[in-house]
Amino acid sequence: MAGFVVTIGHDLVDQLRAYRLKVGLTQDDIAWKLGFSSTTVSRWERGIAVPDLRATGAIVDFLRRADAQTERRLLTSILASRESRNLWEGPDIRYLGGSQQEYRESPEMRAVVGTSIRRYITGSYRDCLEDQGLVASLYAREVASIDIYGRTALSMTSIPEGYVQMKRLSFQSEMRGIIRGDTHSTLIPVAQAPHASAVIVHSWDQLSRRP
């Protein structure tokens, strides 16, 4: 789960804790189910730390499967958001959340929250992910963001006639071995789009030279 864009942080932890108490699970139980230490779960519940993207995906996936009422609350949070979030894990990409527009246009997106979306990727988006040189640059922490202009990036969505999708992939570089990527998508009328089809890569070096 764009994305999935949920109320990352305290609200998500509150939902996890409420479910844990409702069904009588301990912090150790939750830690085992999520694949984290009980100390980490305790720090989340005490507000000392918040889940990172990997933990967010695990929590969201667990809550969706565990409790229908909790899933409705999670979806409500998603529908209030404006962007998508993906987590890159090695060769895989997990979908953490989506925007209201994505869910309105394609309800099937709910079904892939927390799962790999590589098989749904199309067009220039797929070309980027299959470009070994570009992927190597991501892991080398050379690429800061990628702007992709064109048609739909996922086979499960559609774009109205006369529009171009601008999908910006923004990367965080502080974690070695995991590419943390946030995705933000917008639709632009063709007449107003600076590019009808393009892939623009921004390096950290380029961004540091901007005024």
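Predicted model: local features only at pLDDT ≥ 70, side-chain atom pairs only at ≥ 80, totals over all residues.
Residues are numbered from 1 along each chain as its sequence is written, and side-chain values use heavy atoms, with hydrogens and water left out.

The mean pLDDT (the predictor's confidence in each residue, from 0 to 100) of the protein is 78, and 78% of the residues score at least 70. The protein contains nine helices and six strands; these are DSSP runs numbered from the N terminus, with helices being H or I of at least four residues and strands E of at least two. Among these elements, the highest mean pLDDT, 92, belongs to helix α3 (residues 38–45), and the lowest, 65, to helix α9 (residues 204–208). Over residues 1–8 the pLDDT stays under 50; the model has 59 contacts beyond four places in sequence for this segment, a contact being heavy atoms within 4.5 Å.

The protein has 211 residues, of which 46% are buried. Buried denotes under 20% relative accessible area, exposed over 50%, and partly exposed the range in between (1.4 Å probe, protein chains only). The protein exposes about 10,500 Å², with 50% supplied by carbon and sulfur atoms; the areas come from the Shrake-Rupley method with a 1.4 Å probe, and for residues only the protein chains shown count as cover.

Two aromatic pairs are counted. The rule takes rings of Phe, Tyr and Trp (its six-membered ring) with centres within 6.5 Å, planes under 30 degrees apart being stacked, over 60 edge-to-face and the rest tilted. Tyr-19 and Phe-62 form an edge-to-face pair, at 5.8 Å centre to centre and 80° between the planes. Tyr-19 lies in helix α1 (residues 10–23) and Phe-62 in helix α4 (residues 53–66), so the pair ties together parts 43 residues apart in sequence. Both Tyr-19 and Phe-62 are buried.

In helix α7 (residues 123–130), the residues Tyr-125, Cys-128 and Leu-129 are buried. They cover an arc of only 95° around the axis, which puts them on the same side of α7; the arc is that of the directions from the helix axis to the C-beta atoms. The charged end of Lys-167 sits over the ring of Tyr-125, 5.3 Å from its centre (criterion: NZ of Lys or CZ of Arg within 6 Å of the ring centre and within 35 degrees of the ring normal).
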